Amino acid sequence: MISTHPDVAGSTADALLKCIEECYACAQTCTSCADACLAEDMVAEMRQCIRLNLDCADICTAAGSMASRRTGSNEAVLAAVLKASAEACTRCAEECEQHADKHEHCRICAESCRSCAASCKDALSQVH
């Protein structure tokens, strides 16, 4: 879709496109993980995990949306959002990894967060 934008003229930034896809996938995974955490018998022990899941989902959604826009520019803010997304993903992954041996949804979420963090960092070079 982005390659059809008049301001892009077929020239896409592959790392930024991968970041967009990773951000939306991570947002969905984090939302699902938070919901699964709420269904666990030990939900009180999962509060921080749920919080970080939801924070990560929100920032990843924002990053994906902002990175999808090609009209005009807002480079400084986009770069800040990508950095914030990478940080949120890293913190969420660290928390989920603490529960990964007991909860498969946390293992999957941590993996998605790590991948998204790396994609956000890689995409920073293509923000211009």
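Trainee: Not counting residues up to four places away in sequence, which residues does Leu52 touch?

Mentor: Leu52 touches Arg91, Cys92 and Glu95, where contact means heavy atoms within 4.5 Å. Before we go further, please keep in mind that this is a predicted model, in which local features need pLDDT of at least 70 and side-chain atom pairs count only at pLDDT 80 or more, while totals for chains, interfaces and linings use all residues. Residues are numbered from 1 along each chain as its sequence is written, and side-chain values use heavy atoms, with hydrogens and water left out.

Trainee: Is Leu52 buried or exposed?

Mentor: Leu52 counts as buried because its relative accessibility is 17%, and buried means under 20% relative accessible area, exposed over 50% and partly exposed in between, with a 1.4 Å probe and protein chains only. The place of Leu52 is in helix 2, helices being DSSP runs of H or I with at least four residues and strands runs of E with at least two, numbered from the N terminus. The C-alpha atoms of Leu52 and Cys89 are separated by 8.6 Å, although the two lie 37 residues apart along the chain.

Trainee: At what angle do helix 2 and helix 3 pack?

Mentor: Helix 2 and helix 3 (residues 75–97) pack at about 155°, with their axes 9 Å apart; the axes are lines fitted to C-alpha atoms, for helices over the stretch in contact, and the angles run from 0 to 180 degrees between N-to-C directions. Helix 2 and helix 3 are therefore roughly antiparallel to each other, since angles under 35 degrees count as roughly parallel, over 145 as roughly antiparallel, 65 to 115 as roughly perpendicular and the rest as oblique.

Trainee: And what kinds of residues make up that contact of helix 2 with helix 3?

Mentor: They divide into 18 nonpolar, 3 polar and 2 charged, where Ala, Val, Leu, Ile, Met, Phe, Trp, Tyr, Cys and Pro count as nonpolar, Asp, Glu, Lys and Arg as charged, and the others, Gly among them, as polar.

Trainee: What about Asn53, buried or exposed?

Mentor: Asn53, which is found in helix 2 (residues 47–68), is buried, with a relative accessible area of 0%. Leaving aside its neighbours within four places in sequence, Asn53 is in contact with several residues, including Cys30, Cys33, Cys92 and Cys109.

Trainee: Switching topic, how do helix 1 and helix 4 cross?

Mentor: The axes of helix 1 (residues 14–39) and helix 4 (residues 104–123) come within 8 Å and cross at roughly 155°, which makes helix 1 roughly antiparallel to helix 4. The residues of this contact divide into 17 nonpolar, 5 polar and 3 charged.

Trainee: Which residues does Thr29 contact, leaving aside its neighbours within four places in sequence?

Mentor: Thr29 is in contact with Ile108, Cys109 and Ser112. The place of Thr29 is in helix 1, and Thr29 is buried, with a relative accessible area of 16%.

Trainee: Where is Arg107 found?

Mentor: Arg107 is found in helix 4 and, at 33% relative accessibility, counts as partly exposed.

Trainee: Last one: how many helices and strands does the protein chain have?

Mentor: The protein chain comes to 4 helices and 0 strands, and of its 128 residues 42% count as buried.
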